[in-house]
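Q: I'd like to learn how to read a fold step by step. Could you walk me through this one?

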Amino acid sequence: MKRKKHTSTEDEAQVDMTPMLDIVFIMLIFFIVTTSFVKEKSLDVSRPEDNQSNNNEPSKSLSIRIDETGQIFMGGREVDIRRVVANAQTFLAENNTDTAAIQAAEDTEEGVVVEVMNQVKIAGIDKISVLVKKG
């Protein structure tokens, strides 16, 4: 009896890749169709330009501090949230500025900070920076 040698490529086992590729394409189509494209809400941040002129004259800005209990301090004295607009307008009358700096404690509620920002904008100051103080 003679034994046959299996040297031909036709006799070797081969894996058919077609079903696997079909499944991969079906999964790709499924993920594309089920993905939802939602625009997230965010705040617009305006960054300073590089070519701004550097004034040697320091500008005075309105300074507001908010502690962790939500108390608001302007000029070293406690101010009610309803009086922020009046105090900011008084500051604007005395100083030629268009900036305000709000320093809030880390545990301050965000609603208080946003309300102070709104009050300062109503007073006429558009450039507001917020600093969060830790601990």
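This is a predicted model: local features need pLDDT of at least 70, side-chain atom pairs count only at pLDDT 80 or more; totals for chains, interfaces and linings use all residues.

Q: Let's start with a pair of strands. How many bridges join S2 to S3, and do they run parallel or antiparallel?

A: In general, the strands of a sheet pair through backbone hydrogen bonds, either parallel or antiparallel. Here S2 and S3 are antiparallel, with three bridges joining them. To find the pairing on your screen, look for Ile 72, which stands opposite Val 79 in S3.

Q: Which strands pair in the parallel sense, and over how many bridges?

A: Look at S4 and S5: they are parallel, and seven bridges link them. A handy landmark is Ile 102, which sits opposite Val 130 in S5.

Q: In what order do the strands form the sheet?

A: Follow the order S3-S2-S1-S4-S5, which gives an open sheet of five strands with mixed pairing. S3 (77–79) and S5 are the edge strands, each pairing on one side only. From one strand to the next, the twist averages 30°.

Q: Where does H2 lie?

A: Helix H2 lies across S1, S2 and S3, and its direction makes an angle of about 15° with S2.

Q: Which residues of H3 are buried?

A: They are Val 113, Val 116, Gln 119, Val 120 and Ala 123. These residues lie on the same side of H3, because they cover an arc of only 125° around the axis. On the other side of H3, Glu 110 and Ile 122 are exposed.

Q: What do the buried residues of H3 pack against?

A: Their partners are strands S1 (62–66), S2 (72–74), S4 (99–105) and S5 (127–133), together with helix H2 (84–94).

Q: And what follows H3?

A: Gly 124 comes after H3, with a positive phi near 115°.

Q: Finally, what share of the protein chain counts as buried?

A: Of its 135 residues, 19% count as buried.

Definitions and conventions
Residues are numbered from 1 along each chain as its sequence is written. Side-chain values use heavy atoms; hydrogens and water are left out. Buried means under 20% relative accessible area, exposed over 50%, partly exposed in between (1.4 Å probe, protein chains only). Helices (H or I, at least four residues) and strands (E, at least two) are DSSP runs, numbered from the N terminus. The arc is that of the directions from the helix axis to the C-beta atoms. Contact means heavy atoms within 4.5 Å. Two strands pair if DSSP finds at least two bridges between them. Axes are lines fitted to C-alpha atoms, for helices over the stretch in contact, and angles run from 0 to 180 degrees between N-to-C directions.
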